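Hello,

Here is the structure I promised to pass on to you. Please have a look at it first, and then read my notes below.

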Amino acid sequence: MSESVLLSIDDGIATLTLNEPETRNALTQPVYDALEHHLDTIETASDVRCVVIEGTGESFSAGGDIKGMSERLSNDDPADDAVSELARRTRDTIARVVALPVPTVAKVDGSAVGAGANLAIACDIQLASESASIGFVFRQVGLSVDAGTSYLLPRIVGTNVAKGLVFTGEILDAERATELGLFNRVYDDEAFESEVEATVSRIANGPTIALRHSKRLLQDGLEKSFDRAQRDEATAQGIVFETADHEEGVEAFLTDRRPEFVGR
């Protein structure tokens with residue numbers, strides 16, 4: 001398996017590291033292949049309680065493989081086939097990230113643009129450094145939005161703001177991205193690593209089954225009536241009430257101590 005993406009799993013935290021700094025972690029074919037392989041591993045690992053996606057070097061991800069696009073345009077393959085294959089790989093990978101049942105965190109240090117921006121907002125939480133930036137710059141290469149932009153972006157910033165970002169291709173600095181809700185937190189560069197580690201550890205050490213249900217309910221909530229959302233919440237609570245983590249949480253509360261959740 002290529003070193004284009006690295007995977008480590010430690011104390012319930014699976015870290016996916018985009019490892020092509022020379023291309024600013026562009027989403028090339030080897031990167032997609034490695035992501036798919038590592039996502040297979042994560043999806044079948046019973047001990048994973050949180051997933052972190054990060055990039056090496058000065059970028060989170062520069063997005064689509066522009067060099068590859070140029071090569072496809074210059075060869076004899078039908079344009080529709082090339083576009084369809086590129087869109088499929090992007091769509092499938094982003095969809096798998098969105099569908100991961102455990103909480104996911106984008107650790108954004110540097111730029112996240114185009115499909116790279118979508119990889120970031122496909123995660124549940126975005127933690128950024130002061131030098132981070134994000135932009136949905138598909139227009140810059142004459143493309144319409146893809147990688148789930150039309151679904152994810154308006155749900156975060158609203159339709160009107162999303163149109164402005166997409167039509168202009170504006171790249172937002174960390175402060176503005178946080179104001180719009182694209183980043184949850186921004187940390188100063190020196191404290192970035194330690195702050196992210198603390199937040200990720202807090203998530204990974206939480207009541208895993210309860211957080212899985214909460215993630216699913218929050219993701220589905222926008223597509224349901226209020227009554228259906230409440231009924232689904234009640235069903236989930238019936239399941240979570242039976243977990244060891246619920247029992248531990250109650251006992252910890254009653255004895256005024258910090259709970260030690262075990263993920264079951």
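A salt bridge here is a side-chain nitrogen of Lys or Arg within 4 Å of a carboxyl oxygen of Asp or Glu.

Some housekeeping before the rest. This is a predicted model, in which local features need pLDDT of at least 70 and side-chain atom pairs count only at pLDDT 80 or more, while totals for chains, interfaces and linings use all residues. Residues are numbered from 1 along each chain as its sequence is written, and side-chain values use heavy atoms, with hydrogens and water left out.

Now to the domains. The protein chain is assigned domain 1 (5-204) and domain 2 (207-255); the bounds come from an automatic or database domain assignment. Taken over C-alpha atoms, the centres of domain 1 and domain 2 are 28 Å apart. Contact (heavy atoms within 4.5 Å) links 13 residues of domain 1 with 7 residues of domain 2.

The buried area, meaning the accessible area (1.4 Å probe) that two parts lose on being put together, summed over both, is about 820 Å² between domain 1 and domain 2, and carbon and sulfur atoms give 40% of it. On the side of domain 1, R49, P101 and R155 lose the most area to domain 2, together 44% of what that side buries.

Between the two domains there are 2 salt bridges. There are also 7 residue pairs in polar contact, both residues at pLDDT 80 or more. A polar contact is a pair of N or O atoms within 3.5 Å; within protein, one must be able to donate a hydrogen and the other to accept it, and residues adjacent in sequence count only if both atoms are side-chain atoms. The elements that give two or more residues to the side of domain 1 touching domain 2 are α3 (79-99) and α5 (149-157); helices are DSSP runs (H or I, at least four residues), numbered from the N terminus.

Helix α3 also holds T93. Is T93 buried or exposed? T93 is buried, with a relative accessible area of 2%, where buried means under 20%, exposed over 50% and partly exposed in between (1.4 Å probe, protein chains only). Leaving aside residues up to four places away in sequence, T93 touches Y32, L35, E36 and L39.
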